[in-house]
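Work through the exercises below with the sequence and the 3D structure open beside you, and try each task before you read its solution.

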Amino acid sequence: MNPPRRLSFLAATLRVFDIGVGQLLWSRRTVFMALAAGGPVLLAVVFRGLDAAGVSTIRVNGVRVGGPAMFGGMIWLLYLRFVVPVLGAFYGTALVADEVEDRTITYLFTRPIARGSIVVGKYLAYLVCTSLVVLPSVMAVYLLLTPIGGGSIGATFPSLLKDLGLLALGLAVYGAVFAFIGARVPRPLVAGLVLVFGWEQVALIVPGYLRRLTVAYYLQSLVPHAMPQDDTITAIQSLFSEPPSVESSVAWLFAILVAGLWLAARTLETREYVLEQ
Amino acid sequence: MTNKSRYFLVGSAVILLVGLGGGMLAYMLYQRAAGVPAGLPVELRYVPADAQMVAYADVRSVMASDMRRELERMTTGRRGQPPLYEFAGVDLEKDVNRVVLYMPAEPDPPAADADRQLPRVLLLAQGKFEQPRIEQFVTDHGGVIEDHHGKHIVIRHQDAPAPSTLPPGTPPPNTPLPSTQPPNTPPQRRVQRDMAVGFVQPDLIAIGPPELVRQAIDASAATANVTANADLMTLMRGEASANAWVVGRFDAVSRRMGLPSVVRTQMPPLRLVAASATINSGVKAAIRAQTADAAAAEQLRDVVRGAISFARLQARSRPELQDAMKTVELSGTGTDVQLSFMVTPDLLHSFTPQRPPVTPSAP
């Protein structure tokens with residue numbers, strides 16, 4: 001009997017991607033993804049409804065905040081600081097960790113495919129699924145909020161394109177980083193949440209070069225909206241921040257993405273996973 | 001992949017594409033309504049058709065340029081404090097993408113007042129702005145908020161002091177102070193005008209005299225803008241590739257800027273003038289002038305040639321200036337005169353005084 005033919009890296013990746021999409025979309029975590037993506041849309045519907053009823057929704061120092069400013073605030077406060085990093089942590093760490101926890105990783109390793117293709121295929125599935133959930137949510141929020149207060153969809157459309165691009169890039173980079181953490185660390189979700197809500201927040205406000213070791217530092221420099229000065233931490237961040245150029249931010253983010261994926265693939269190829277009995 | 005997953009992904013992609021398509025359509029209609037040719041800033045739609053001078057700067061690219069960093073290094077030194085580019089709650093380095101400035105058409109002031117009245121200009125800045133912060137800044141400095149057709153204008157009257165700066169017991173600002181000058185002495189200071197900041201769009205603010213700010217807010221697709229001014233638009237199209245340029249009617253601008261009449265009468269009759277700079281690792285500058293007739297243009301070219309020859313003679317002893325003079329080019333035909341040159345960081349270094357080396361003090 002001939003041994004099964006080993007699939008090429010690309011073919012194996014696509015095969016894993018095909019299976020991974022279904023696993024990702026219809027898992028228990030999907031409820032959380034639906035909440036994370038649907039919450040801002042619900043909020044936007046409420047704001048739009050109040051505006052249609054003649055109730056001015058948000059005022060800052062007595063000034064009514066227009067739709068584009070509200071959308072910019074939601075990009076900063078909801079999507080960039082919460083939805084994207086948390087989805088990256090939840091799903092990115094689960095790419096390998098779920099297989100280990102369910103003790104199904106052995107079956108993947110017995111297949112005639114490169115171990116690295118497992119990580120890359122699952123990562124692509126994560127990227128496609130989260131992008132096609134988060135980005136339509138952003139689009140819906142944009143269309144609902146922008147006309148409030150006389151905002152122009154045509155005038156602000158270029159900013160939306162930048163927002164969509166940077167959120168997709170954020171999902172990609174965080175996913176790669178957390179994929180590595182998931183492959184490497186025993187309790188990756190805890191580590192991921194500590195990274196997002198602990199390390200990144202502290203490093204961004206400490207003066208010096210520490211902030212360059214965060215993903216948020218480069219992502220925030222790409223945002224086309226004014227950073228809302230809502231709290232002390234934001235104010236401190238803006239005080240000490242020297243934003244990098246757009247080109248260097250994009251270059252560093254791609255470098256982090258490639259490094260994270262490579263390290264995750266390398267870890268899966270070299271590490272012996274001891275499954276708990 | 002199951003059919004359920006496939007349908008879900010396709011459905012999400014369709015929602016995204018429909019939204020993007022609708023947004024793109026809205027953007028194209030917006031651009032079309034603005035009527036501004038490609039390559040020129042959209043803010044030109046707020047510049048009236050009879051503007052005498054229009055200037056533009058791509059602030060973001062200028063701030064990111066190597067030349068600017070080099071200038072900053074030269075002026076502050078290696079360990080010097082970088083200059084703050086913040087004004088009225090707006091950080092020029094981080095918040096502003098581009099600015100357009102124009103000088104509207106106005107009757108010339110009386111000759112006696114020509115030196116006292118500043119020309120009125122309006123600055124339109126596009127970028128990311130926090131309206132509450134800017135309004136707070138201006139109101140802290142004595143400004144008042146006015147509502148104009150649903151948009152806020154913050155006006156600082158020229159005689160309004162900042163409330164926080166007045167010490168207790170200080171007489172109110174309108175109280176005339178005893179004059180120490182002899183009677184009938186004309187005041188030397190230029191007349192200050194009220195200043196306003198208006199939020200034309202969430203990402204566009206107008207700074208200047210209140211009436212011009214109101215005019216910018218009231219501008220719509222129906223009002224004529226500078227795109228109807230063929231002379232200025234021709235100049236602007238020629239300079240569109242630069243990241244900073246200024247175009248204008250020389251006669252009107254020189255009168256309003258207070259250029260002495262003695263100087264004005266000595267110059268050949270210039271109709272239009274344009275200057276541009278492409279700033280990256282150096283500055284590639286170009287100046288273009290349109291004269292009233294070909295004879296005046298030839299006369300101007302002769303004057304410029306003479307100046308270039310004189311400068312080349314002076315530059316013989318300085319190699320860095322010689323390299324700079326090699327980049328100077330004079331061209332143009334008919335009523336057009338064009339002068340272009342390059343400024344490099346090395347040239348600027350040659351003009352700045354060298355700092356003495358820092359020697360450590362002996363213990």
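A crossing of two helices is called left-handed if the near helix is turned anticlockwise from the far one by less than a right angle, and right-handed if clockwise. Helices (H or I, at least four residues) and strands (E, at least two) are DSSP runs, numbered from the N terminus. The model is a predicted one, in which local features need pLDDT of at least 70 and side-chain atom pairs count only at pLDDT 80 or more, while totals for chains, interfaces and linings use all residues. Residues are numbered from 1 along each chain as its sequence is written, chains are lettered from A and ligands numbered from 1 in the order in which they are written, and side-chain values use heavy atoms, with hydrogens and water left out.

**Exercise 1.** Determine how α5(A) and α10(A) cross, and which residues meet there.

Solution. Begin with the axes, which are lines fitted to C-alpha atoms, for helices over the stretch in contact, with angles that run from 0 to 180 degrees between N-to-C directions. Those of α5(A) and α10(A) come within 7 Å and cross at roughly 135°. That angle makes α5(A) oblique to α10(A), given that angles under 35 degrees count as roughly parallel, over 145 as roughly antiparallel, 65 to 115 as roughly perpendicular and the rest as oblique. Next, the hand of the crossing of α5(A) and α10(A) is right-handed. Finally, list the contact (heavy atoms within 4.5 Å): from α5(A) come A:Arg115, A:Gly116, A:Ile118, A:Val119 and A:Tyr123, and they meet A:Leu257, A:Leu261, A:Ala264, A:Ala265, A:Leu268 and A:Glu269 of α10(A). Sorted by class, these residues are eight nonpolar, one polar and two charged, where Ala, Val, Leu, Ile, Met, Phe, Trp, Tyr, Cys and Pro count as nonpolar, Asp, Glu, Lys and Arg as charged, and the others, Gly among them, as polar.

**Exercise 2.** Describe how α6(A) packs on α10(A), beginning with the angle.

Solution. Helix α6 (residues 153–184) of chain A packs on helix α10 (residues 246–270) of chain A at an angle of about 25°, and their axes lie 8 Å apart. The two helices α6(A) and α10(A) are therefore roughly parallel to each other, and their crossing is left-handed. Among the residues that make this contact are A:Ala172, A:Val173 and A:Phe180 of α6(A), and A:Phe254, A:Gly260 and A:Thr267 of α10(A). The contact of α6(A) with α10(A) has 15 nonpolar, two polar and one charged residues.

**Exercise 3.** Find which helix gives the most to the lining of the second largest pocket.

Solution. The second largest pocket holds about 960 Å³ of space, and of the 34 residues that line this pocket, A:Ala97, A:Asp98, A:Glu99, A:Val100 and A:Glu101 are the closest to its centre. The helices that each supply at least two lining residues include α1 (9–25) and α5 (115–145) of chain A, but α3(A) gives the most, with nine residues. By class, the lining of the second largest pocket has 16 nonpolar, six polar and twelve charged residues. A pocket is found on a 1 Å grid over the protein atoms alone, using a 1.4 Å probe, as an open set of points with protein on both sides within 12 Å along at least five of seven lines, and lining residues have an atom within 4 Å of a point. Grid points are joined across faces, edges and corners, and a volume is the space filled by probe spheres set on the points.
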